[in-house]
Amino acid sequence: MLHIAPTADAEGMLTVSLGGEWRYGLGTGHPSTLFDKRHPIKEVHKIIFIEDGLTFWDSSLISFIKKTQDEAKTKNIPVDTSNLSPGIRRLLALAASIPAL
């Protein structure tokens, strides 16, 4: 389950709250929704990921975050994953070390 909660500040920070079960086939969403022009925050300047009741996850969660990071990089938007669990951060670091095909 994906929760997107834009922060109230004028800095354009977007907080992405990750909760519930993340399994392939459950329709967990696509990172493009974070960059949708119809989003409440017109100019996103930073994306922050947090865990909020995350009960189960598989590689679909890592894939979602990694794709978000990749898209944000093309737009020069920093992504903060420091609030995620160490296991998720380690897998993200591993995914980042593998060259794209």
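When I say that one residue touches another, I mean a contact, that is, heavy atoms within 4.5 Å. Keep in mind that what you see is a predicted model.

Take Ile47 as the example. Leaving out residues up to four places away in sequence, Ile47 touches Leu14, Val16, Phe35, Thr68, Ala72, Ile77, Pro78, Val79 and Asp80. For the protein as a whole, take the contacts between residues at least 6 apart in sequence: 72% of them join residues at least 24 apart.

Now the overall layout. The protein has two helices and four strands. Going along the sequence, the pattern is β-β-β-α-β-α. Of its 101 residues, 33% count as buried.

Which residues have the most contacts inside the largest nonpolar core? They are Leu18, Ile47, Phe49, Ile65 and Ile88, in a core of 19 residues. Two or more residues each come from strand E2, residues 13-22, strand E3, residues 46-57, helix H1, residues 59-74, and helix H2, residues 86-97. The element that gives the most is H1, with five residues.

Let us stay with H1. Its buried residues are Ser60, Leu61, Ile62, Phe64, Ile65, Thr68 and Ala72. Two of these, Thr68 and Ala72, were in the list of residues that Ile47 touches.

The expected span is 1.5 Å times one less than the number of residues. H1 has 16 residues, so it should span 22 Å, and its end C-alpha atoms are 23 Å apart, which agrees. After the helix comes Asn76, with a positive phi near 55°.

Next, how H1 sits between strands in the fold. E3, H1 and E4 together make a right-handed β-α-β unit. E4 covers residues 79-83, and it runs parallel to E3, with three bridges joining the two.

Last, the charged side chains. Side chains of opposite charge can pair when their charged atoms come close. How many salt bridges does the structure hold? There are three.

One is between Glu21 and Arg23, with the closest N and O atoms 2.7 Å apart. Are these two residues buried, partly exposed or exposed? Partly exposed means a relative accessible area between the 20% limit for buried and the 50% limit for exposed. Glu21 has 37%, so it is partly exposed. Arg23 has 33%, so it is partly exposed as well.

Another salt bridge joins Asp70 and Lys66, and here the closest N and O atoms are 2.7 Å apart. Both residues lie in H1, four residues apart, which is about one turn of the helix. Asp70 has a relative accessible area of 37%, so it counts as partly exposed.

The remaining one to show is Glu71 with Lys75, where the N to O distance is 3.2 Å. Glu71 is partly exposed at 32% relative accessibility, and Lys75 is partly exposed at 41%.

Conventions: Residues are numbered from 1 along each chain as its sequence is written. This is a predicted model: local features need pLDDT of at least 70, side-chain atom pairs count only at pLDDT 80 or more; totals for chains, interfaces and linings use all residues. Side-chain values use heavy atoms; hydrogens and water are left out. A nonpolar core is a set of buried Ala, Val, Leu, Ile, Met, Phe, Trp, Tyr and Cys residues joined through side-chain atoms within 4.5 Å. Buried means under 20% relative accessible area, exposed over 50%, partly exposed in between (1.4 Å probe, protein chains only). A salt bridge is a side-chain nitrogen of Lys or Arg within 4 Å of a carboxyl oxygen of Asp or Glu. Two strands pair if DSSP finds at least two bridges between them. A crossover is right-handed if, with the strands pointing away from the viewer, the path from the first strand over the helix to the second runs clockwise.
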